[in-house]
Amino acid sequence: MRLTLKNMIRPLSLAVICMALAACGEDAPPPKPDPKVSFVTVKQEKVTTLMRLSGRAVPTLDSEVRPQVSGIIKSRLFTEGALVKEGEVLYEIDPAVYEAAYQNAQASLMRAEANYVSAKSAADRYTEAVKIRGVSRQDYDNAISAAKQAEAEVASAKAAVESARINLGYTKITSPITGKVGISSVTPGALVTLNQPSPLTTVQQTDPMYIDVTQSSSDYLRLFKKFESGELTRDKDTGLIVSIFLEDGSEYPHKGKLLLRDITVNKSTGSYTIRASIPNTEGMLLPNMYLKAELEEGVNEKGVVIPQQALLRNQRGEPQVYILNAENKVELRPVVTNRAQYGEWVIDSGLQNGDRVIVEGLAKVRPGAPADGIAYVPPADSKNGRKNGTQNGVKKNGNNANEAVKAPEGAAVEPKDATPGPNAAKPDAAKPDATKPDAANPGESKTEAAPAPEGK
């Protein structure tokens, strides 16, 4: 039998028809379920916003010890690093020259006193003689003048004795304050001079200590306007409490107290100084040590906070969040942030009471798509909640893993915590607050993680 193209196509066509008829008899695949997400319900509440500023530890008293007379150091009478008391002798200068000067001044005083006795006796005799015209008036005047000159010479000699006594006393260099004494810059045998520029040593009082931090004048104006408008208030009980964080990121065990804000802005840096007082009973803090102070910025009675991982940023860096609306559909909404603190973002505007902000499952959702939402449950061992991290109304520190949630549709998600580690840079002045973006508009998103700002 001859095989033709027509004979080959006919069986293939029949096979394709049979397969199509068989497929029509099967059931259609089930629809894909809505993605599961977790959300937090927004509730306006009393929120205390905090600011963390960098600074240095400063001793409450700092005295440089310098000689007040010139001479050779005879002995050093203190142990470097030890506690010394006010008036305790630290150095002794060879007193030989000053002892001789003191004795010479005493001899001059004795001579002046002897001359005064003679002049005073002569003046007394002339006073009686002039009454009976036994001496001329001119001789009387000369005798009285000589007596007064002798009296003045006695007074001058007494002053010279006192000056010599003081200089002799300055050969014993004493501590001007009570505190810890530093390293000595001279040894016995060294020549020191009056008014020399370099100190012999330094005595510092370190309990309590001061911490001086700086804040930008722009932040001052922002806070001033918020207090004037009533948006922020000051907590009378906790507004002056300061938490201190050490170089390694750990919290100092004692609380400080806010003392003052400087009245002048530094024209070079555009910032002003804030000073707090800190107990230093254990001696853990040293002068000039790098520290961070966490102060209460203000209290917002209608504040809004969301978990830090719920915040996204678009390509322009504008903050936004996913909202699960009443129809269980996802909306993308711009917000205005204040700052991040302890695993949460403080939101200034963009959210209302009852809004459901998606926290988990962000990579599964798209704007306009439905989603199956459940309430977000923080980890049981979390130490970063505002309620779990408070004491006396002031939030405590906590550490979040510096992880970024996978971004949906290329949106950038804030890391859970942006607290700098112990190896982070240590600026001497406070960084400008980077947590005050302008009102955001929804836009195209990107995938880069946007770190939380310095100044929690």
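## Close-up views of the predicted model

**View A. The crossing of helices α2 and α3 is left-handed.** The model shown in this and the following views is predicted. Helix α2 covers residues 96–131, and helix α3 covers residues 137–169. The two helices pack with their axes 7 Å apart and at an angle of about 160°. Since angles over 145 degrees count as roughly antiparallel, α2 and α3 are therefore roughly antiparallel to each other.

**View B. The chain as a whole contains four helices and 23 strands.** This view gives the setting for the close-ups that follow. The chain has 456 residues, of which 39% are buried. Among the contacts in the chain with a separation of 6 or more, 78% are between residues 24 or more positions apart.

**View C. Strands β6, β5, β3 and β8 form an open sheet of four strands, in the order β6-β5-β3-β8 and with antiparallel pairing.** The edges of this sheet are β6 and β8 (191–192), each of which pairs on one side only. Two bridges connect β8 to strand β3 (residues 71–76) in the antiparallel sense. Within this pairing, G71 has V192 of β8 as its bridge partner.

**View D. Lys172 lies in strand β6, which spans residues 172–174.** The residue has a relative accessible area of 44% and is therefore partly exposed, as this value falls between the limits of 20% for buried and 50% for exposed. Beyond its neighbours within four places in sequence, K172 is in contact with V89, Y91 and E92. The C-alpha atoms of K172 and I93 are 6.3 Å apart in space, while the two residues are 79 residues apart in sequence.

**View E. Strand β12 (residues 271–278) pairs with strand β9 (residues 201–216) and also with strand β11 (residues 256–261).** Six of the eight residues of β12 are buried, so this strand is largely enclosed by the rest of the structure. The antiparallel pairing of β9 with β12 extends over eight bridges. The pairing of β11 with β12 is likewise antiparallel and has four bridges. R275 in β12 is the bridge partner of D212, and L260 also stands opposite R275.

**View F. Asn300 is situated in strand β13, residues 290–307.** Its relative accessibility is 15%, so N300 counts as buried.

**View G. Strands β17 (residues 336–341) and β18 (residues 344–349) are joined by five bridges and run antiparallel.** The two strands form a hairpin with two residues between them. In the turn, Y342 has a positive phi of about 55°. V336 has S349 of β18 as its bridge partner. Six of the six residues of β17 are buried, so the strand is largely enclosed by the rest of the structure.

**View H. Strand β1 (residues 36–41) is joined to strand β19 by four bridges, and the two run antiparallel.** Strand β19 comprises residues 356–360 and is mostly covered, four of its five residues being buried. Across the pairing, E360 in β19 stands opposite S38.

**View I. Val40 belongs to strand β1.** With a relative accessible area of 17%, V40 is buried. The contacts of V40, residues up to four places away in sequence not counted, include R356, V357 and V359. V40 and P307 are 267 residues apart in sequence, and the distance between their C-alpha atoms is 8.3 Å.

Key:
Residues numbered from 1 in each chain as written. Predicted model: local features only at pLDDT ≥ 70, side-chain atom pairs only at ≥ 80, totals over all residues. Heavy atoms only, no water. Buried < 20%, exposed > 50% of the residue type's maximum accessible area, 1.4 Å probe, protein only. Pairing = 2+ DSSP bridges. Axes fitted to C-alpha atoms, helices over the stretch in contact; angles between N-to-C directions. Parallel < 35°, antiparallel > 145°, perpendicular 65-115°, else oblique. Left-handed = near helix turned anticlockwise from the far one by under 90°. Contact = heavy atoms within 4.5 Å.
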